[in-house]
Amino acid sequence: MEPIKVVVHGAAGKMGQEVIRAVCADPETKLVGAVDAKTSGDTLTLADGSKTLFSTDLVQVVSQTKPDVIVDFSTAKAVMPLVHLAAEKKVNLVIGTTGLPADQVKEIEQEATANKIGIVIASNFALGAVLMMYLAKTAAKYLDYAEIIELHHDKKTDAPSGTALTTARGMAAARGKPFVQPASKEKYESRGQVVEGITLHSVRLPGLLAHQEVLFGAAGQTLSIRHDTISRECYMPGVLMAIKEVTRRKGLINGLDNLLGLGK
Ligand SMILES: NC(=O)c1ccc[n+]([C@@H]2O[C@H](COP(=O)([O-])OP(=O)(O)OC[C@H]3O[C@@H](n4cnc5c(N)ncnc54)[C@H](O)[C@@H]3O)[C@@H](O)[C@H]2O)c1
């Protein structure tokens with residue numbers, strides 16, 4: 001079978017570079033082009049010494065390379081123009097960029113359905129993180145109080161993280177109602193953002209990568225579910241799985257849990 005032809009959007013970024021390495025190392029996928037708002041030159045030299053097309057012009061790269069899948073790790077603002085182009089050119093999409101508002105996700109779903117392409121959106125491609133969310137949803141049915149602490153590197157642009165928001169919404173959906181906020185007569189001076197009754201705390205520090213702890217409280221006990229990423233390699237099995245699956249499916253698959261069959 002021919003390898004799946006992949007273009008990486010956001011190719012000069014930290015995640016983009018990691019995706020390029022992973023796509024080049026997998027015999028079932030082939031990097032055919034790279035796009036970034038910032039490029040130095042018109043080719044990118046890969047680990048094996050070969051060169052691939054590298055440009056700021058997405059339209060040119062897509063027209064020239066005719067990819068099966070575009071993988072996006074860029075910025076939220078860049079996502080909708082990319083989706084419209086992918087829909088027009090009938091190219092499948094894997095979107096890892098976080099911070100997409102709910103109305104945009106709806107529009108992305110409509111574009112995927114109307115144009116019969118596959119689109120995977122996942123705010124977290126790490127398998128362990130998806131399992132952390134799955135376990136948190138299971139516990140959510142039995143415990144009434146919860147808070148989330150998410151900890152990320154200091155360069156992260158959004159807060160709270162997409163994973164923390166997805167976790168909180170998924171936990172509330174699993175129990176069919178919001179969590180209970182601790183009663184306090186005083187107005188707190190400093191607490192995090194409350195989503196579905198769950199207070200989300202965002203830590204940003206150099207030295208961290210991506211970490212999240214879901215804490216449940218009940219009389220006389222707590223339960224903590226924690227996931228830590230050690231390097232960006234942790235996302236690559238999920239990204240490669242999405243690249244392979246998205247060519248076989250039509251419409252929107254929202255979340256790695258749904259790709260893995262762990263949703264609902
Ligand atoms: N889904 C996941 O598992 C996961 C994991 C890590 C990071 N992320 C998300 O991926 C995104 C990128 O993260 P990063 O750490 O690689 O960031 P980064 O800043 O290192 O890289 C982003 C890249 O996108 C490029 N870019 C910006 N606007 C662009 C445009 N209009 N067209 C093309 N390229 C453009 C930038 O020049 C940069 O090279 C963020 O939203 C981050 O939160 C998701």
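Across which strands does α5 lie, and at about what angle does α5 run to β12? I started there. The model is a predicted one. α5 lies across β8 (145–152), β11 (210–218) and β12. Its direction makes about 165° with that of β12.

**Entry: the five-stranded sheet**

I traced the strand order next. This open sheet has 5 strands, ordered β9-β10-β8-β11-β12, with mixed pairing. β9 (193–195) and β12 (221–229) are the edge strands; each has a single partner, so one side of each is left without a neighbour in the sheet. From one strand to the next, the twist averages 20°.

Then I went through the pairs. β9 pairs with β10 (residues 198–204) in the antiparallel sense, over 3 bridges. Within that pair I found Gln193 bridged to Leu200 in β10. β8 and β11 run antiparallel and are joined by 8 bridges. Ala146 sits opposite Phe216 in β11. β11 and β12 are also antiparallel, with 9 bridges between them. Here Leu215 is opposite Ser224 in β12.

I also checked the turn. The hairpin of β11 and β12 has 2 residues between the strands. Gly220 takes a positive phi near 70° there.

**Entry: the helices on that sheet**

α6 lies across β8, β9, β10 and β11. It runs at about 165° to β8.

How do the axes of α5 and α6 cross? I looked up both helices, α5 (residues 127–140) and α6 (residues 162–175). Their axes come within 8 Å and cross at roughly 30°. Angles under 35 degrees count as roughly parallel, so α5 is roughly parallel to α6. The crossing of α5 past α6 is right-handed.

I listed the contact residues. From α5 come Ala129, Met133, Ala136, Lys137 and Ala140. They meet Thr163, Thr166, Thr167, Gly170, Met171, Ala174 and Arg175 in α6. By class, this contact has 6 nonpolar, 4 polar and 2 charged residues.

**Entry: the eight-stranded sheet**

I turned to the other sheet. It is open, with 8 strands in the order β3-β4-β2-β1-β5-β6-β7-β13, and its pairing is mixed. Which strands stand at the edges? They are β3 (43–45) and β13 (251–254), each with a single partner strand, so one side of each lacks a neighbour in the sheet. The twist here averages 25° from one strand to the next.

At the β13 end I checked the pairing. β7 (residues 118–121) and β13 run parallel, joined by 4 bridges. Gly118 is opposite Gly251 in β13.

Two helices were worth noting on these strands. α1 packs on the sheet and touches β1 (4–9), β2 (29–35) and β5 (69–72). The direction of α1 makes about 150° with that of β2. α4 (residues 102–115) lies across β7 and β13, running at about 140° to β13.

Methods
Residues numbered from 1 in each chain as written. Predicted model: local features only at pLDDT ≥ 70, side-chain atom pairs only at ≥ 80, totals over all residues. Axes fitted to C-alpha atoms, helices over the stretch in contact; angles between N-to-C directions. Parallel < 35°, antiparallel > 145°, perpendicular 65-115°, else oblique. Left-handed = near helix turned anticlockwise from the far one by under 90°. Contact = placed C-beta atoms within 7 Å. Nonpolar A, V, L, I, M, F, W, Y, C, P; charged D, E, K, R; others polar. Pairing = 2+ DSSP bridges.
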